Amino acid sequence: NQIPSVLLANGKSMPQLGLGVFKVNQASDVKQAVKWALEAGYRSIDTAMIYHNEQWVGEAIAESGIPREELFITSKLWNADRGYDQTKRAFQETLNRLQLDYLDLYLIHWPAPGYVESWQAMEELYGLDKIKAIGVSNFEISHLKNLMAQTAIKPMVDQVETHPYFQQKALHQFLKENDIFHEAWGPLGQGQANLLQDAVLNELAEKHQKTVAQIIIRWHIQRDEIVIPKSIHQNRIIENANVFDFKLTAEEMNQIAVIDKNQRHSHDPNDID
Ligand code: NAD
């Protein structure tokens, strides 16, 4: 049951499933979750400066003894660090907290004004091999077009809220056409009860003898998304990665396609300043 990898536009390989650690605030929880994930075969961890847990992720990685080149570590530039110099400084601070000398993926967390200058700093760090792939998060089509019109390197990833009740169909298509990988955050709708209780998803879970969480994660995988479900419970960490031994049919994918409610949980990316 190995987790497959995808190839980003620059040829960098990235595990299609990783562990998210948003809102995991206790050192012991972070370290335990990362340890359990690595034991379960995860190699990709998604953190961010604003999660205030990079230090604990770094400790867990160091203690794991897993060779650095087998891991895929993502972090993100916070809005307060927009701009060229700030981005370089913030990136180095992130590396220091993680005890790493390079990142696999660095993302601009939100399209806050100044993201073009931040991107130029990231292009430079990418050229220096300090970041193996660069991308954005919460960018909508308008932000992507604006960024691409002004910079040399296209983002390799856009990490955006995506789940069966917020499927992002237009953005998904745009990303595909532009060879930018769609990475889903909040892939389980952040655990909201109405999604996990959805009738169609429960029927599919019953049919495949899987949990609703596994049906949802499998749906993301078959949509060619990268997915980073979060849990701090060992059984769920294992469960969430155990989605490579079954397939949803085209018809089942269509059944999920029509339950979209265009129901966003996060802030609107256009309201960031
Ligand atoms: P998620 O959709 O991964 O939901 C996590 C919640 O779902 C858990 O807290 C738990 O309540 C529930 N859950 C997890 N596994 C389950 C299971 N097997 N069965 C039942 N319930 C289960 O939400 P998330 O944590 O917000 O998103 C995942 C990751 O995406 C984050 O940890 C973070 O790394 C990233 N993220 C990025 C942004 C961004 O702005 N770029 C925003 C939010 C999250």
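Which residues of helix 5 (residues 141–150) are buried?

What we have here is a predicted model, where local features need pLDDT of at least 70, side-chain atom pairs count only at pLDDT 80 or more, and totals for chains, interfaces and linings use all residues. Residues are numbered from 1 along each chain as its sequence is written. Helices (H or I, at least four residues) and strands (E, at least two) are DSSP runs, numbered from the N terminus.

Now walk in from strand 3. Two bridges connect strand 3 to strand 4, and L19 has I45 as its bridge partner in strand 4. Strand 4 (residues 44–46) is then joined to strand 5 by three bridges, with D46 partnered by T74. Right-handed here says that, with the strands pointing away from the viewer, the path from the first strand over the helix to the second runs clockwise.

Strand 5 (residues 72–77) is mostly covered, with six of its six residues buried. Buried stands for 20 or more other C-beta atoms within 10 Å of a residue's own, exposed for 12 or fewer, and partly exposed for anything in between, with C-beta atoms placed from the backbone. On to strand 6 (residues 103–108): four bridges tie it to strand 5, again in parallel, and S75 pairs with Y106. Helix 3 (residues 84–98) carries the chain from strand 5 to strand 6, and that crossover is right-handed too.

Back to my opening question. The buried residues of helix 5 are H143, L144 and L147. Seen down the helix axis they fall within an arc of 100° , so they line one face of helix 5; the arc is that of the directions from the axis to the C-beta atoms. On the face turned away sit the exposed residues S142 and A149.

Last stop, the ligand! It is surrounded by 25 residues, the closest being G20, F22, L188, G191 and K230; a residue counts as near if its C-beta atom, placed from the backbone, lies within 6 Å. Helix 10 (residues 234–241) gives the largest share of that shell, three residues.

Terms used: Two strands pair if DSSP finds at least two bridges between them.
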